[in-house]
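Q: Hi! Could you walk me through this structure?
A: Happy to, here it is.

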Amino acid sequence: MISISGLFMEQRNSYRNDKGNAQSGETPERQNTDVLYEGRLSRSSEEAFVMGAERRAGVIQLKLPLSTLGNRGRNGAIETKSIPITQDMVIASYKRVRKNNGAAGIDNESLAIFEEHLIDNLYSVWNRLSSGSYHPVSVLEVEIPKDDGRKRKLGIPTVKDRVAQQVVKDYLEGRFEAEFSEHSYGYRPLKNTHQAVTAVQKNVRLYPWVIDMDISSFFDKMSHELLQKAIERHVPEKWVQMYLTRWLEAPIEDRKGNSEQDKAKARLKAE
């Protein structure tokens, strides 16, 4: 069974806006990230509330107290939101993404540039995630050389997408962890290769045989249909299914702006 960590592509970062357009002007002073430890996100002057702008079938509306916003809600301390994603969840996810660092995505916005408007950017992620209107942009495809001379494709989401993905990953990880074998070490929290090696050293004293299996290009060839069925079995929340589907169906482009469809057409033309 695949770890929930393995559902999302390896991540890196960006330098444009949500629509992929390059931003111009002088570089503003970076905001102090310490303010996040108070759990406060200010409303961006450019990010209006998106409640009611885009509803999704099967999403249950909840009344959530937005204590971290103070009086920035429409009518005070309570704001209607479609999805139970809190600001604290977004802030915690950002801290994990920041710790992992990583490269820029398709919009060339690095983590450092993202932090120049940190509060506004995190508010935008939370506002859209919690209302059902969050849509990922294209994933940047890069090729990493392997030891045997071949190349491995790597998908790099934007910083905002990485933060949003981390929110859902954290939300789901506990329930998926309960399903895995104690002997599984891949893509799991508090598990690492050193523990796996230690387990192998113990097992070779108990068993006279070894099973070695590797699925070639697994993440490239994995059936999205089968993956969706597995998700539906373990994840009843429609809003989670919705976001996972959007990430799975997000376009993939290289640095020249060529999509997978463009490359496929070029290969057919060459043949």
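A: One term before we start: pLDDT is the predictor's confidence in each residue, on a scale from 0 to 100. You need it here, as this is a predicted model.

Q: Thanks! Which elements have the lowest and the highest mean pLDDT?
A: Strand E1, residues 62-65, is lowest with a mean of 36, while helix H3, residues 118-129, is highest with 97.

Q: And what is the mean pLDDT of the protein?
A: The mean is 76, and 66% of the residues reach 70 or more.

Q: Where does pLDDT stay under 50?
A: One stretch is residues 51-67, with 40 contacts beyond four places in sequence in the model. Another is residues 69-78, with 20 such contacts. Where pLDDT is low, the predicted coordinates should not be read in detail.

Q: OK, on to helices. At what angle do H4 and H8 pack?
A: About 140°, with the axes of H4 (residues 159-177) and H8 (residues 238-248) 11 Å apart. That angle makes H4 oblique to H8. Their crossing is left-handed.

Q: Which residues of H8 make that contact?
A: Trp 239, Val 240, Leu 244 and Trp 247, meeting H4 residues that include Val 168 and Leu 172. By class, the H4 and H8 contact has eight nonpolar, one polar and one charged residues.

Q: How does H1 pack with H4?
A: H1, residues 87-100, packs with H4 at about 110°, with their axes 8 Å apart. So H1 is roughly perpendicular to H4, and the crossing is right-handed.

Q: Which residues are in contact there?
A: Among them are Met 89, Tyr 94 and Arg 96 of H1, and Arg 162, Asp 170 and Tyr 171 of H4. By class, this contact of H1 with H4 has seven nonpolar, two polar and three charged residues.

Methods
Residues numbered from 1 in each chain as written. Predicted model: local features only at pLDDT ≥ 70, side-chain atom pairs only at ≥ 80, totals over all residues. Heavy atoms only, no water. Helix = DSSP H or I, 4+ residues; strand = E, 2+ residues; numbered from the N terminus. Contact = heavy atoms within 4.5 Å. Axes fitted to C-alpha atoms, helices over the stretch in contact; angles between N-to-C directions. Parallel < 35°, antiparallel > 145°, perpendicular 65-115°, else oblique. Left-handed = near helix turned anticlockwise from the far one by under 90°. Nonpolar A, V, L, I, M, F, W, Y, C, P; charged D, E, K, R; others polar.
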